[in-house]
Amino acid sequence: MDTTRHYKNQFEDYSIAVSHNIVRDDTIHDAFKSLLTSKIKNFIEVLKKNKRKWLDSGDYSVYTGQAGIACTLYHYGKYYNDSENTNMAAEILQRCATEFKSRREVTFLTGIVGPLALTAVMLHSQQKREQAEQLILKLKSLSTYVLDKRSGVPDELLYGRAGYLFGLLYLNSNILPAPIETDLIKQVVSCIINSGISYATSNRSQSPLMYSWHDTEYIGAAHGLAGILYLLLQARQYLTQVQIDDYIKPSLYYLQKLQFSSGNFPSSIGNFSDKLVHWCHGAPGMCALFCLAYKVFEDNTFLETAIQCGEVTWERGLLKKGYSICHGVAGNGYTFIHLFQHTKNIKYLYRACKFAEWCFDYGLHQNRSPDRPFSLFEGLAGVIYFLLDMQQLHLAKFPMYDI
């Protein structure tokens with residue numbers, strides 16, 4: 001076990017005695033909610049005071065740029081009924097959708113798909129449907145490149161086809177009637193599955209689906225098999241029964257076998273290092289997948305795998321690397337949100353609160369400052385997003401990963 005990457009978790013685990021003023025009757029205690037509110041409002045002011053720094057970055061992505069920060073401002077504005085922040089978010093997103101030039105970056109998190117989809121949903125909610133439709137058409141037009149086997153587009157979430165699939169699913173879950181045709185989604189899903197079958201067959205993988213990114217068979221949420229399977233499971237209404245039974249389900253069983261005795265997962269095939277406890281690589285990203293797999297297939301072993309992910313995240317999830325949702329404490333906090341949503345066990349609600357409490361001291365417990373300190377996936381905007389989700393746990397979704 002690598003003890004240099006995390007702080008020893010000094011929090012007492014859940015009991016009725018220690019949870020006083022934190023959780024009560026399967027909900028967060030008002031005293032802790034008021035702390036959440038206070039910290040959120042402080043952090044949003046810090047974010048806005050530094051507006052010049054992140055607006056001048058020229059990064060329009062959801063992952064590290066202006067579009068992601070706009071997501072947090074919009075999330076805040078909707079929760080607190082604050083039109084100033086929702087209007088600011090709308091203005092920033094429209095600029096991101098216009099200024100993002102590359103058509104070869106086709107994912108939600110790092111490409112133009114995120115700004116296009118987010119802006120389209122916002123415009124549609126404002127009854128500006130013709131403008132929204134233009135952005136949706138632009139997003140759909142990228143499918144030619146995404147589906148082209150010669151394009152070199154990978155299949156993973158951050159830079160590949162799974163990231164494009166998220167954009168399609170996001171539009172259909174937020175706009176009625178659904179603007180993306182069933183046939184297009186089925187084509188993207190089949191392209192991802194067929195690519196995984198082809199790679200697995202030619203490389204004699206023990207999993208019926210396998211993928212490679214930069215010549216490495218990653219298995220985590222950001223670049224690997226887990227993230228791809230998570231998007232495919234969320235698109236299950238577009239899959240055939242054969243695709244589910246012969247490829248998705250056995251790939252999940254294959255992944256299960258890779259879990260370390262600690263409860264963590266390796267970052268890639270052939271890597272036996274039990275180091276990384278992040279959403280992007282390791283148990284936190286796996287927890288969401290196996291919670292959903294349990295919901296879909298009702299196989300108790302999937303829930304057991306998710307629970308083991310929760311145990312190692314509680315033990316080793318207070319990371320020295322920082323607070324981010326990609327590879328930090330806020331992202332690890334979503335592990336307990338997912339477990340609470342699927343089990344209703346108050347222990348996980350308490351644990352989520354304790355990871356939120358750690359985030360109250362933003363910037364204090366980290367061995368280096370992130371490159372994009374205000375961004376959604378690496379910085380302060382992600383912490384705010386997590387703390388906002390703690391206020392409404394039944395609606396909470398890991399940003400741009402949960403449909």
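## A buried histidine and its surroundings

With a relative accessibility of 16%, histidine 327 counts as buried; buried means under 20% relative accessible area, exposed over 50% and partly exposed in between, using a 1.4 Å probe and protein chains only. This is a predicted model, in which local features need pLDDT of at least 70 and side-chain atom pairs count only at pLDDT 80 or more, while totals for chains, interfaces and linings use all residues. Residues are numbered from 1 along each chain as its sequence is written, and side-chain values use heavy atoms, leaving out hydrogens and water.

### Around histidine 327

Histidine 327 sits in the loop between helix 13 and helix 14. Helices here are DSSP runs of H or I with at least four residues, strands are runs of E with at least two, and both are numbered from the N terminus. Cysteine 326 belongs to the loop between helix 13 (300–316) and helix 14 (329–343). Cysteine 326 is buried too, with a relative accessible area of 2%.

Which residues does histidine 327 contact, leaving aside its neighbours within four places in sequence? They are Tyr63, His278, Cys280, Leu319, Lys321 and Glu378, where contact means heavy atoms within 4.5 Å. Not counting residues up to four places away in sequence, cysteine 326 touches Tyr63, His278, Trp279, Cys280 and Phe377.

An unreviewed UniProt entry carries the annotation "binding site" for Cys280, Cys326 and His327. These residues span 48 residues in sequence, yet no two of their C-alpha atoms are more than 6.2 Å apart, so they gather at one spot. Keep in mind that UniProt annotations may be inferred rather than shown by experiment; positions follow the numbering used here and feature names are shortened.

### How helices pack

Two packed helices are described by the angle between their axes and by the distance between the axes. Axes are lines fitted to C-alpha atoms, for helices over the stretch in contact, and angles run from 0 to 180 degrees between N-to-C directions.

Let's begin with helix 3 (residues 66–80) and helix 4 (residues 83–99), which pack at an angle of about 155° with axes 8 Å apart. Helix 3 is therefore roughly antiparallel to helix 4; angles over 145 degrees count as roughly antiparallel, under 35 as roughly parallel, 65 to 115 as roughly perpendicular and the rest as oblique. Helix 3 passes helix 4 in a left-handed crossing. A crossing is left-handed if the near helix is turned anticlockwise from the far one by less than a right angle, and right-handed if clockwise. The residues of this contact, between helix 3 and helix 4, divide into 10 nonpolar, four polar and two charged. In that scheme Ala, Val, Leu, Ile, Met, Phe, Trp, Tyr, Cys and Pro count as nonpolar, Asp, Glu, Lys and Arg as charged, and the others, Gly among them, as polar.

Now turn to helix 12 (residues 283–297), which packs against helix 11 (residues 241–257) at an angle of about 135°, with axes 12 Å apart. Helix 11 and helix 12 are therefore oblique to each other, and their crossing is left-handed. Ile244, Lys249, Leu252, Leu255 and Gln256 of helix 11 make the contact with Met286, Leu289, Phe290, Ala293 and Phe297 of helix 12. Here the contact residues divide into eight nonpolar, one polar and one charged.

Helix 12 also packs with helix 14, at an angle of about 15° and with axes 8 Å apart. That makes helix 12 roughly parallel to helix 14. Helix 12 passes helix 14 in a left-handed crossing. Pro284, Cys287, Ala288, Cys291, Leu292 and Lys295 of helix 12 meet Asn332, Thr335, His338, Leu339 and His342 of helix 14.

The table lists residues from other parts of the model.

| Residue | Relative accessibility | Class |
|---|---|---|
| Asparagine 21 | 35% | partly exposed |
| Threonine 98 | 51% | exposed |
| Histidine 214 | 61% | exposed |

Asparagine 21, in the segment before strand 1 (23–24), has a positive phi of about 70° although it is not a glycine. Histidine 214, in the loop between helix 9 and helix 10 (225–234), also has a positive phi, near 50°. Threonine 98 is part of helix 4; from C-alpha to C-alpha, threonine 98 and alanine 31 are 43 Å apart in space and 67 residues apart in sequence.

Is the peptide bond from leucine 176 to proline 177 cis or trans? This bond is cis, with omega near -5°. Proline 177 lies in the loop between helix 8 (161–174) and helix 9 (182–202).
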